[in-house]
Amino acid sequence: MKPRDRILDAAMLVFRRQGFRRSSIEQAAEAAGLTRQALYHHFKSKEELFRAVIERLHENALAAEIAGREATEKAGGGLADILIAEITARIGQLIAPLEGSPHIEELFSEHLLQARDIYQKYAAHYAAQLTSTIERVCRKQRLAIKGMTASDLARCVEMAFNGTKSAYPAMQPADAFLRDFGIMVRTLVAGAVSPSPKPRSRETARKPATKPVASKTARKSGDRR
């Protein structure tokens with residue numbers, strides 16, 4: 001394992017046990033089996049170390065999101081199933097290293113304070129990933145999005161995610177959070193997506209309209225006139 005990865009693993013354990021505010025660079029160095037000076041060779045401060053931990057979390061979450069999407073798509077899941085699997089994999093990767101920590105709410109709060117730019121960077125990646133998924137699955141499964149674009153629907157899914165987070169601080173308990181989020185995504189997709197109309201065949205398109213044939217009664221009536 002590379003020294004940087006060893007330091008990040010150790011720092012994650014320290015932040016998980018102590019929280020951000022009560023942890024120190026010395027504790028991270030000790031957990032990694034390094035001197036303080038050796039750790040300073042890689043990271044100049046606790047804040048820089050925390051940012052690196054957060055960035056790696058998001059990088060792993062993005063990779064997990066892609067893997068979750070590919071597996072569900074390969075299994076033949078519908079659009080809602082694929083979107084839920086994609087974001088569930090992302091959330092699982094973000095939560096798992098912190099699960100059980102008594103400081104989880106503090107860590108998520110500090111995540112936004114200390115690394116907002118990193119959060120915004122990966123939020124853009126997640127949004128682009130969702131948009132790409134919606135566009136591809138709609139083409140593959142011949143679905144039409146009603147009254148919005150794939151990007152609009154992706155944004156609605158992310159808003160559903162953020163709305164569900166507001167009801168579950170730090171996304172805990174995770175099972176309840178994911179259950180309610182899944183309900184919201186299925187409701188969104190059901191209202192926004194429908195099967196594309198089947199294109200008319202060439203023969204149907206070229207076939208002239210059949211003129212209505214006047215009934216015998218109508219012809220007789222006309223003859224009498």
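This short talk describes the ring contacts, the nonpolar core and some local backbone features of one structure.

Good morning. The model is predicted: local features need pLDDT of at least 70, side-chain atom pairs count only at pLDDT 80 or more, and totals for chains, interfaces and linings use all residues. Residues are numbered from 1 along each chain as its sequence is written, and side-chain values use heavy atoms, with hydrogens and water left out.

I begin with the core. A nonpolar core here is a set of buried Ala, Val, Leu, Ile, Met, Phe, Trp, Tyr and Cys residues joined through side-chain atoms within 4.5 Å. Buried means under 20% relative accessible area, exposed means over 50%, and partly exposed lies in between, with a 1.4 Å probe and protein chains only. The largest such core has 60 residues, and those touching the most other members are Phe-15, Leu-49, Leu-79, Leu-83, Ile-91 and Ile-134. At least two core residues come from each of several helices, among them helix 1 (3-18), helix 4 (46-74) and helix 5 (79-95). Helices (H or I, at least four residues) and strands (E, at least two) are DSSP runs, numbered from the N terminus. Which helix gives the most to this core? Helix 5 does, with nine residues.

Contact means heavy atoms within 4.5 Å. Setting aside residues up to four places away in sequence, Leu-79 touches Ile-134, Val-137, Cys-138, Gln-141, Leu-143, Leu-153, Val-189 and Val-193. Of these, Cys-138 is buried at 8% relative accessibility, whereas Cys-156 is partly exposed, at 21%. The structure holds zero disulfides, a disulfide being a pair of cysteine sulfur atoms within 2.5 Å.

I turn to the aromatic rings. Rings of Phe, Tyr and Trp (its six-membered ring) pair if their centres lie within 6.5 Å; planes under 30 degrees apart count as stacked, over 60 as edge-to-face and the rest as tilted. The structure holds eight aromatic pairs. One of them, Tyr-122 with Tyr-126, is tilted, at 6.5 Å centre to centre and 40° between the planes. These two tyrosines are separated by about one helical turn because they lie four residues apart in helix 7 (residues 116-141). Both Tyr-122 and Tyr-126 are buried.

Phe-161 and Phe-177 form an edge-to-face pair, since their planes meet at 75° with the ring centres 5.8 Å apart. This pair links distant parts of the chain: Phe-161 lies in helix 8 (residues 150-167) and Phe-177 in helix 9 (residues 174-192), 16 residues apart. Phe-161 and Phe-177 are both buried.

Phe-181, in helix 9, is buried at 1% relative accessibility. Beyond four places in sequence, Phe-181 is in contact with Ile-87, Val-157, Ala-160, Phe-161 and Thr-164.

Where does the charged end of Arg-90 sit? It sits over the ring of Tyr-126, 4.0 Å from its centre, and also over the ring of Phe-161, 5.7 Å from its centre. The criterion is NZ of Lys or CZ of Arg within 6 Å of the ring centre and within 35 degrees of the ring normal.

Finally, the backbone. A cis peptide bond joins Gln-172 and Pro-173, with omega about -5°; Pro-173 lies in the loop between helix 8 and helix 9. Arg-142 is not a glycine, yet has a positive phi of about 55°. Arg-142 lies in the loop between helix 7 and strand 1 (143-145) and is exposed, with a relative accessible area of 65%.
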